[in-house]
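Subject: Structure handover

Hi,

Here is the structure we talked about. Please open it alongside this note and follow along.

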Amino acid sequence: MSTEPSLELKLFGTEEKVEAPRVLKAGPLSAEFEAGNLRYVRFAGAEIMRAVSFIVRDKDWGTYNPAIANLSVTEDAAGFRVTYDALTGDDKQRFRYQAEITGTPDGRLVFRGRGEAVTDFLTNRTGFVVLHPIDGVAGAPVEIRHVDGRIVKSSFPSVIDPVQPMMDLRALTHEAAPGIKVTCLMEGDTYEMEDQRNWTDASYKTYVRPLALPWPYTLKAGEKLDQAVTLTVSGAAAGARGDETVAVTLGAAIGTVPALGVGLDPDDIDSAVQQATILRELGVDHVICHHDPRRGHDATTLQRQIATAQATGAAPWLEAVITSVDACEAEIAALGTMVAKLGAPFATVLLSPAPDMKCTLPGSVWPPCAPLDAIYRAARTAFPKARLGGGMFSYFTELNRKRPPVDLLDVVSFTTSAMVHAGDDRSVTETLQALPAIAASAAAIAGAKPFIVGPAAIGMRDNPYGEKPKSNPGNIRQAMNWNDPRQRGLLGAAWDLGYFARFAYGGARAISLGGFTGAFGTLHAPASYPQPWYDESRGLFPLFHVLRGLGSLKGRPLRELVVSRPAEILGLAADGVAGLEIWLANLTGHAVTLNLKITAYELARLDTESYVNASKDVSLLDQFTAGNSEILTLAPYAILRLRKRA
């Protein structure tokens, strides 16, 4: 066994090879060509579109990876042209298509897809998806051309829209940057828009086939599709940003650091108990104990979860799924009696009806479900001394579409996943850009009541949109992963820090991240899926150190932290016990130079050089060295802890 993991394992927890995107250029127009689709379409350096993709999805909203053949790419003074053939599907069904992409220096880009079902093909969506970015676009004006030719002046949503803010679309025109106007023409079907911030995607998504039509639907063998997306740019850019350093500026106290929690799946109890001594080092405030009678959970299961929380020094919270539709009051009363016999250890009780664990799309019929007001009133009687929480055990999307009667609650809860729609590294870190809007929208839903978040991780603990999350025996990056490899890499640690920071500054009262062990854990435990290098060396994952640091800051004064490029660097500042602390994460695959605006500090790093020691030494980020320069370089996906003694 090598004592040193590969660079890929350190960063991503997997050695899966990812081909670097090819940058296509036509004068001031550029786009990244990746896996057959386009990302980061820019004009004169300004992003005008986040992505244009021809996608093929299965009946569970999973996206097939196309097998690309006959790829041809030409670039010259007249522009670029890309053509390829693609085959998608599985052992039961197949769909093939031909793509042509052209771009010219005058700012015109055309992406055409012509496809045919090789077999009867059951799908929830097949065709084009266009993503508008959110930065500088949220709340901005847009001109809408509808399918019937009507032109309407409107704006992109500012507060997250729970359904479709724009429908029956043919074209959208907006100012992508000062001086640059772009028109997106979409042909071959009727398009409509979703506010993808609902799922933490940093985009507005315009897609084919209205959701009001039946889904999944079948493309019959031989059935053909012919669609195209055309971008047309007009105007001139005011000037592109240079490669200046990222400025990090400290501000005033603006609240307190939220409590840190973790989730606990009953399947992970044994491994957590075995590691209880070291898990106490995390300083976790609370453990969310999951109870679902459909999975055979009973009083013994709850007792073991309570004991696990107590062994790790944390307070147990109850997260209970209510399965009955017509007799929810009796079920909740019985649960209250069960908990009372266990000593009533739960100061916080969260409840959700089982049907709300699955998504109901706009236009679909809601399944039978116990009324939320009946559930909460019954819970008041069953748990008279507990803080009562409700909302969604699934994602913010579902909370936004089915808002609870908050007057009957003490706290509103929800969680998120970073990979509902895409599983690549950049899409995962981009989800952090949407969190301020989610925090603002959650606060609006909760009103005067506080809101809490989690347990959250990059991976999906449940899949509201299909049967279940994807098991990942191949240890790859893919959307809807349950066991995602980046949980064990530096990217996972950077994402956790960015996630906590976003919601801390967004006003969350408590934030729960992942779990102690298992697919969402903080350290190695034997599992049915591969954990390269850790399966032999064992030890702590990088994010262990991040959670340990955040846990120590609970209730401390939170300080404003202004970062000039938050898509690259995120962090949190607080007045810790020993002095000012600043935690920063590099969210990119390249080194970033920081201008810290402070001097005379201590620093500790978590990066590829300290990775092996980090797996063995709980106190790695307590080992500071002196620092005086305002200019520092932070390596890819690295974590920086700064401390300035009082």
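Which elements do the buried residues of α9 pack against? They pack against α7 (396-401), β25, β26 and α10. Keep in mind throughout that this is a predicted model.

**Helix α9**

Helix α9 covers residues 435-446. Its buried residues are Leu435, Ala437, Ile438, Ala439, Ser441, Ala442, Ile445 and Ala446. The length checks out, because 12 residues at 1.5 Å a residue should span 16 Å, and the end C-alpha atoms of α9 are 16 Å apart. Gly447 follows the helix, and its phi is positive, near 65°.

**The barrel**

Strands β25 and β26 also belong to a closed barrel. The barrel has 8 strands, in the order β20-β21-β22-β23-β24-β25-β26-β27, and the pairing is parallel. From one strand to the next, the twist averages 25°.

Take one pair as an example. Strand β23 (residues 348-353) and strand β24 (residues 387-395) run parallel and are joined by 4 bridges. Leu351 has Gly390 in β24 as its bridge partner.

Helix α10 (residues 490-505) lies across β20 (259-264), β25 (411-415), β26 (451-456) and β27 (510-515). It runs at about 160° to β27. Helix α10 is also one of the elements that the buried residues of α9 pack against.

Start with Leu169, in strand β13 (residues 166-177). Is Leu169 buried or exposed? Its relative accessible area is 0%, so Leu169 counts as buried, the cut-off being under 20%. Leaving aside residues up to four places away in sequence, Leu169 touches Ile144, Arg145, His146, Val147, Met186, Thr190, Tyr191, Glu192, Met193 and Thr206. Met186 sits 17 residues from Leu169 along the chain, and their C-alpha atoms are separated by 7.8 Å.

Then Asn37, in strand β3 (residues 37-43). Its relative accessible area is 12%, so Asn37 is buried by that cut-off too. Which backbone nitrogen lies 2.9 Å from a polar atom of the Asn37 side chain? That of Phe54. Phe54 is also among the residues that Asn37 touches.

Best wishes

Note on methods. Residues are numbered from 1 along each chain as its sequence is written. This is a predicted model: local features need pLDDT of at least 70, side-chain atom pairs count only at pLDDT 80 or more; totals for chains, interfaces and linings use all residues. Side-chain values use heavy atoms; hydrogens and water are left out. Two strands pair if DSSP finds at least two bridges between them. Helices (H or I, at least four residues) and strands (E, at least two) are DSSP runs, numbered from the N terminus. Axes are lines fitted to C-alpha atoms, for helices over the stretch in contact, and angles run from 0 to 180 degrees between N-to-C directions. Contact means heavy atoms within 4.5 Å. The expected span of a helix is 1.5 Å times one less than its number of residues. Buried means under 20% relative accessible area, exposed over 50%, partly exposed in between (1.4 Å probe, protein chains only). A polar contact is a pair of N or O atoms within 3.5 Å; within protein, one must be able to donate a hydrogen and the other to accept it, and residues adjacent in sequence count only if both atoms are side-chain atoms.
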